[in-house]
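Please open the model in a viewer and keep the selection panel at hand. The stops below are given in the order in which they may be selected.

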Amino acid sequence: MSKMLTKEDLAKYPFLDQSAAFIAGYNLTLSDLTAPAYSGVVDRAVERVRRSIEGGAGAATLNLGDTETEILSYPLALALVYASGARWLVNRFATSEAKRCEELLKMEAAPKLAEIAKSSFGWKVDLEDLRLEWERLTFRLGLADYLEVAPQFHSPSWKLTNKYVDKGYVFLDTKDFSRLLAENLKLRIIRKSGEEEAKNFELPAALQPHLSGILGLLEGKKELYEDEFPEGVVDEARPPCIVAIANDLRAGKSLSHMARFAITTFMLNVGESVDGVLKLFSNVADFDEGKARYQVEHIAGMTGSRTKYAPPKCEVLRSFGLCVEPDKLCATVSHPLNYYKRRVRAGPATSAPRGEDGRRGGRKGAQGRHR
Amino acid sequence: MGGGGAGRVHKVVIDEFRNYYSRLPAEQLDVKDFVKREYAMLHFGDQTMVRHLRFDSTSELRRRLVEEAPANVYYSSAYYRDPQADDMNAKGWEGADLIFDIDADHIRTDCKESHDTWACLDCGCRGRGFPPEACPKCGMKKIDTVTWVCEGCLDTAKAEIFKLIDEFMVPDFGVALGEIEICFSGHRGYHLHVLSDSVRGLAGDGRREIADYVRGIGLDPKEHGFRQVPGNGPILGPDMRDGGWRGKIARAIYEFVSGRSQEELRAVVGPVVADTITKSKEKFLQSISDTPPHWGGMRGYSLESLLKIANAAAKEHVCNIDERVTLDVKRLIRQPNSLHGKSALKTAEVSYSDLEHFDPLKDAVAFNSGSIKIYVKEIPRVRIGDCEVGPAKGTEMEVPMAMGLYLICKGAADPRL
Ligand code: SF4
Ligand SMILES: [Zn+2]
Ligand SMILES: [Zn+2]
């Protein structure tokens with residue numbers, strides 16, 4: 001164990017390489033953990049997963065009274081999450097673990113944070129103490145490590161252009177550095193779920209009942225967290241802002257950058273193909289297929305970037321004057337995609353006809369949602 | 001794609017390209033981790049690229065070039081486990097060099113007025129210089145261009161590549177000169193390849209951040225410390241010695257205010273503030289270069305005006321790269337020392353120390369002997385090596401081989417045998 005990290009640290013940050021080493025020291029396999037002696041560990045693991053599903057404040061809690069259970073239950077919780085095969089549970093678990101760690105990391109001393117970054121993530125990081133007029137940048141992180149994670153954040157302050165960059169390093173304060181660490185943890189949990197090892201992983205039989213319990217819980221919460229849209233775009237479920245932009249396009253008007261971005265991201269996110277999106281634009285006078293395709297593919301995360309862009313929130317659309325004629329449902333959502341989800345789930349019966357031709361649902365998906 | 005395509009194929013060009021490759025020592029085709037690169041070729045008269053090639057050695061590549069004398073040869077910026085697999089996913093991507101492309105074609109230069117023309121394909125309206133986005137007469141966007149490249153264009157591209165290296169790669173990104181390769185593209189610009197291991201694994205979104213950085217996209221001076229202490233307190237801001245865009249903005253403002261006319265300043269911040277600053281220019285410049293700098297060292301302008309100057313000044317420090325090349329993790333780029341099918345010049349590697357005196361129209365010439373008779377359709381003044389011709393139209397002449405092939409490859413002349 002590293003001199004700097006205590007057993008308590010390993011409990012706080014069970015993702016650390018040192019925690020794995022700690023567990024390895026016990027010479028335990030996952031099946032061993034199912035023995036009655038470890039029932040506390042199993043219970044805690046299940047609790048971790050449950051809490052991440054239920055969400056809310058303190059989704060992932062910490063029990064420092066029993067560091068051993070805390071450390072041992074983490075890989076078991078992860079195993080249950082991967083074994084569920086539910087992509088959104090993986091995301092959910094990763095997000096809540098990241099949030100929990102971020103809160104704790106922010107309070108740590110700089111040398112410990114640097115140690116965690118180096119030893120568990122292999123980051124190239126040094127302690128600096130750069131004092132600027134408004135801030136104090138304590139860390140110096142290698143550019144490549146920064147760029148591995150920071151593009152996940154979309155606020156302008158995370159753009160490399162707006163960072164203090166010098167000789168291959170990005171300078172960061174403790175708050176930003178903790179945030180990056182936590183986000184990297186999240187990315188690792190999610191990425192690992194795509195690896196063969198996690199995909200082919202077989203849960204020990206004794207743990208199956210716990211997995212079933214978790215799956216049952218998932219089923220009950222599905223409505224809340226549904227992030228998979230039905231196949232085929234349900235035109236009738238689009239919110240007024242998107243319908244208005246689509247109508248402008250059909251009329252051949254040329255759009256502001258934000259309007260283009262909004263409709264492109266929206267359509268891609270509800271499952272429209274790149275070609276389908278391009279078709280929307282084909283009436284516009286200055287349409288340049290090659291250029292547009294490149295832009296749409298980029299937004300779809302096909303060229304270069306791995307990230308698929310999400311459409312802007314209502315608040316943003318509003319400030320760009322794109323929120324036109326919001327309806328009743330609009331009053332209850334803060335994101336156009338939520339509007340769409342809700343409408344799709346509600347089916348055509350409750351959705352007031354708002355399209356310019358008053359067409360109602362009936363396409364595949366609108367009804368298929370109801371179980 | 002230059003040099004291939006529908007244009008007429010001339011046997012003399014193919015023969016000369018073949019001669020060039022048979023004279024070329026194979027080791028001049030070497031690139032880092034040669035066997036991990038995908039190769040691609042485009043042949044004269046062809047529209048489609050032959051892709052997914054892999055070579056065991058540079059001599060094997062050279063043999064193929066002699067056999068086929070292609071118009072253009074490319075290799076992948078990416079390193080693959082199986083470069084020859086024809087499904088992109090099966091190739092096994094292992095990383096990629098970071099590439100920057102600077103093309104004079106995309107930069108507005110004054111010389112374009114003297115050598116470029118454009119025509120609207122819809123109404124036939126014509127003009128000279130940098131092509132407009134849309135036809136000024138009918139508003140359509142189908143614009144056909146005839147572009148040439150002159151010393152002025154190439155000097156602008158060179159200045160841009162120096163800026164990229166000296167103001168971004170070395171000071172900000174910490175790239176060592178030993179980790180970069182500079183290439184004249186063989187036609188209108190330069191490529192910079194960054195070969196460091198640290199950038200190899202960068203994904204597309206990380207590369208986009210780098211492209212945005214050198215282009216100054218999303219730059220917000222407020223993020224770099226330009227803020228006012230609440231309660232109408234002093235304006236604080238960056239120091240000229242700071243790293244990254246922070247220091248660049250501070251230096252840019254200094255240059256802008258010291259070097260610009262009052263008129264130009266007025267266009268940015270309006271007459272009142274511009275006049276105030278101009279009147280006490282010395283004092284302004286002095287206080288912003290103090291340690292620590294005083295950005296509100298005198299009365300008569302607001303933080304807002306300062307931000308306007310910052311934005312205008314910063315624009316002049318951005319680097320004009322073609323971002324698509326940089327953010328692509330599997331780009332095909334020109335093979336060093338291969339010929340460019342649109343110019344018959346070679347893609348020439350230049351060391352940083354030679355760059356200043358590098359003359360692409362001379363140092364990238366691949367054919368140094370022989371002459372050829374050509375029929376010239378229409379050309380502006382053109383120089384290749386020490387030979388200058390034009391402007392000329394509808395005339396026959398005998399010129400050195402390099403000049404002849406250049407004009408033929410540009411589609412502005414035909415060989416006369
Ligand atoms: S409230 Fe949101 S979803 Fe509704 S129209 Fe406005 S932006 Fe669109
Ligand atoms: Zn026209
Ligand atoms: Zn020119």
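This is a predicted model: local features need pLDDT of at least 70, side-chain atom pairs count only at pLDDT 80 or more; totals for chains, interfaces and linings use all residues.

Residues are numbered from 1 along each chain as its sequence is written, chains are lettered from A and ligands numbered from 1 in the order in which they are written, and side-chain values use heavy atoms, with hydrogens and water left out.

**Stop 1: chain B against chain A**

Select both chains and display the residues in contact, that is, with heavy atoms within 4.5 Å. Chain B contributes 38 residues and chain A contributes 30 residues. The area buried between the two chains is about 2900 Å², and carbon and sulfur atoms give 56% of it. Buried area here is the accessible area (1.4 Å probe) that two parts lose on being put together, summed over both.

Next, select Lys159(A) and Asp212(B), which form a salt bridge with their closest N and O atoms 2.9 Å apart. The term denotes a side-chain nitrogen of Lys or Arg within 4 Å of a carboxyl oxygen of Asp or Glu. Between chain B and chain A there are 3 salt bridges. The interface also has 14 residue pairs in polar contact, both residues being at pLDDT 80 or more. A polar contact is a pair of N or O atoms within 3.5 Å; within protein, one must be able to donate a hydrogen and the other to accept it, and residues adjacent in sequence count only if both atoms are side-chain atoms.

Which element gives the largest share of the side of chain B that touches chain A? It is α6(B), with 8 residues. Helices (H or I, at least four residues) and strands (E, at least two) are DSSP runs, numbered from the N terminus.

**Stop 2: the domains of chain A**

Colour chain A by its domain assignment, which comes from an automatic or database source: domain 1 (7-98 + 201-224), domain 2 (110-186) and domain 3 (235-346). The centres of domain 1 and domain 2 of chain A, taken over C-alpha atoms, are 29 Å apart. Their contact takes 11 residues from domain 1 and 9 residues from domain 2 of chain A. About 860 Å² is buried between these two domains, with 63% from carbon and sulfur atoms.

The interface of domain 1 and domain 2 of chain A has 1 salt bridge. Select Lys112(A) and Asp9(A) to see a salt bridge whose closest N and O atoms are 2.9 Å apart.

**Stop 3: Ile245(A) in helix α11**

Select Ile245(A), in helix α11 (residues 240-250) of chain A. Is Ile245(A) buried or exposed? Ile245(A) is buried, with a relative accessible area of 4%; buried means under 20% relative accessible area and exposed over 50%, with partly exposed in between (1.4 Å probe, protein chains only). Leaving aside neighbours within four places in sequence, Ile245(A) is in contact with Leu255(A), Ala259(A), Ala262(A) and Ile263(A). Leu322(A) is 77 residues from Ile245(A) in sequence, yet 8.1 Å away in space, C-alpha to C-alpha.

**Stop 4: helix α13 of chain A**

Finally, select residues 274-281 of chain A, helix α13, where the buried residues are Val274(A), Gly276(A), Val277(A), Leu278(A) and Phe281(A).
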